[in-house]
Amino acid sequence: MPDMETIVSLAKRRGFIFPSSEIYGGLGGFWDYGPLGVELKNNIKAAWWKAVVQERDDVVGIDAAILMNPAVWQSSGHADSFVEPLVDCLSCKKRFRADKLAPGQTTCPECGGELTAPRWFNTMFRTFVGPVEDDAIHTWLRPETAQGIFVNFQNVQTTMRKKLPFGIAQIGKAFRNEIVTGNFIFRDREFEQMEVEYFVKPGTDEEWYHRWIEERWNWWLGLGLRPENLRIRPHEKEELAHYARACVDIEYRFPEPLGWAELEGIANRQDYDLAHHTAGSGKDLSYFDEETKEHITPYVIEPSSGVDRAALVFLLDAYHEEQVRGEKRVVLRLHKDLAPIKVAVLPLLRNRPEVVAVARQIAARLKPHLNAMYDDTASIGRLYRRQDEIGTLYCVTVDVQSLDDQQVTIRDRDSMEQIRVPIAEVVDVLRGYVRESGNRGIRESGLPMSPDSLVP
Ligand code: GAP
């Protein structure tokens, strides 16, 4: 397992993640995703959406507004309960979460100065809606995407004619004015969430709670996370959020000092949200059960995870260092669905126009099918190392011999095996590998390949 600094440095150096507004000294808890980071994040979101919405009959998606009527946050309990106990150091002025200090601690852990008594601090960002501040409505940037789903429960249920059990999924930005940020993108003030609110008949909630825990556990493993770095931890009663009857965290083993920490939470929210929005809005959000001919308020099971935290976990878990012919090779063994670039096309000689032309042509033919790039900015050894470090699945090399035999070399990221393939077949072969081979090397992919095509 790499330390966090190694990943922060790779992410910066290779164009995954930069500190936000860096040229002005940054802003704590905010990050910008570079060209490779945005691909990784988009791939995570696409994999999640496919698994929880597109491959299921019982979940549909929405995309709700970030700013909502402030009454939503009164009814949901966030205006009163989304608070952290905060203490200030009178000497160095740093702020700490009182619940993260040693019990009874009265001095600053950093400078030894005197700490204030704890005060409650609401971590929602306040903002105004309207052009004149005095007349404007105060509201908050949403601290979770879930409420956009609850207030649309009836719109979705009636327009899509959904019967219980069914779910509504959403991916979107959330904002929290965290007292303590840090550990790179683990705890941010602006982040993205992937949430499902799954509505069930009361009495079946326990069963669905366990089904979703299993479902989500398998999703993380299916994208290649190492099982020894994942575990499920049920919440203690005192830890439960104000709305939850039960909750587990799927935790990841982050590098020390963070250690085991939450990657995804799966909660049984009971009828807390729909009941409170019914009371707050005066609109009946009950569901008519055709079987029993009764109006019921559904219970809710909520799997909720963060895209940024997922990106961090996938980067950490994929990072490998190995010795190859006496040299260190860094390789990101990202799952094929998550790798930002699937194929890099590299000319062996960048000063031979015929070689460059063939390489550019192959890259152009690949692009409609796979995220492919052309690169000739360094020697082939260095280009391979760069592609390994960003997790590119395959490199296609065009050499002088390619001009004669109309074949190119395909190199596999993980095994470093190389095969020669006719240029005419390269697009189909690579599409096959990326679709079928998963994280296995060319040899184990089970795809048809002539034995003499292996480059020794
Ligand atoms: N709707 C339930 C909810 O928001 P949560 O445990 O507070 O529950 C769910 O958040 C997930 O969102 C977490 O498991 C984490 O992955 C992500 N998350 C929460 N706060 C975050 C933060 N400050 N920075 C990055 N990700 C965060």
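**Ligand site and nonpolar cores**

In this predicted model, a nitrogen atom of the ligand is 2.6 Å from an N or O atom in the side chain of glutamate 144, a polar contact (a pair of N or O atoms within 3.5 Å). The protein covers 91% of the 550 Å² of accessible area that the ligand has on its own (Shrake-Rupley method, 1.4 Å probe).

Local features need pLDDT of at least 70 and side-chain atom pairs count only at pLDDT 80 or more, while totals for chains, interfaces and linings use all residues. Residues are numbered from 1 along each chain as its sequence is written, and side-chain values use heavy atoms, with hydrogens and water left out.

**Ligand shell**

- Around the ligand are 20 residues, of which Glu144, Arg176, Glu178, Glu195 and Glu262 come nearest; a residue is near if one of its heavy atoms lies within 4 Å.
- The side chain of arginine 176 has an N or O atom 2.8 Å from a ligand oxygen atom.
- For glutamate 262, a polar side-chain atom lies 2.6 Å from an oxygen atom of the ligand.
- Two or more shell residues come from each of strand 10 (190-200), strand 13 (260-270) and strand 16 (299-306), and strand 13 gives the most, with 5 residues.
- The shell divides into 11 charged, 5 polar and 4 nonpolar residues.

**Nonpolar cores**

- The largest nonpolar core has 86 residues, of which Phe16, Ile44, Ile410 and Leu430 touch the most other members; a core joins buried residues (under 20% relative accessible area) through side-chain atoms within 4.5 Å.
- Helix 9 (residues 307-318) supplies the largest share of this core, 9 residues.
- A second, separate core of 17 residues includes Ala64, Ile149, Val156 and Leu274.

Key
A polar contact is a pair of N or O atoms within 3.5 Å; within protein, one must be able to donate a hydrogen and the other to accept it, and residues adjacent in sequence count only if both atoms are side-chain atoms. Helices (H or I, at least four residues) and strands (E, at least two) are DSSP runs, numbered from the N terminus. Ala, Val, Leu, Ile, Met, Phe, Trp, Tyr, Cys and Pro count as nonpolar, Asp, Glu, Lys and Arg as charged, and the others, Gly among them, as polar. Buried means under 20% relative accessible area, exposed over 50%, partly exposed in between (1.4 Å probe, protein chains only).
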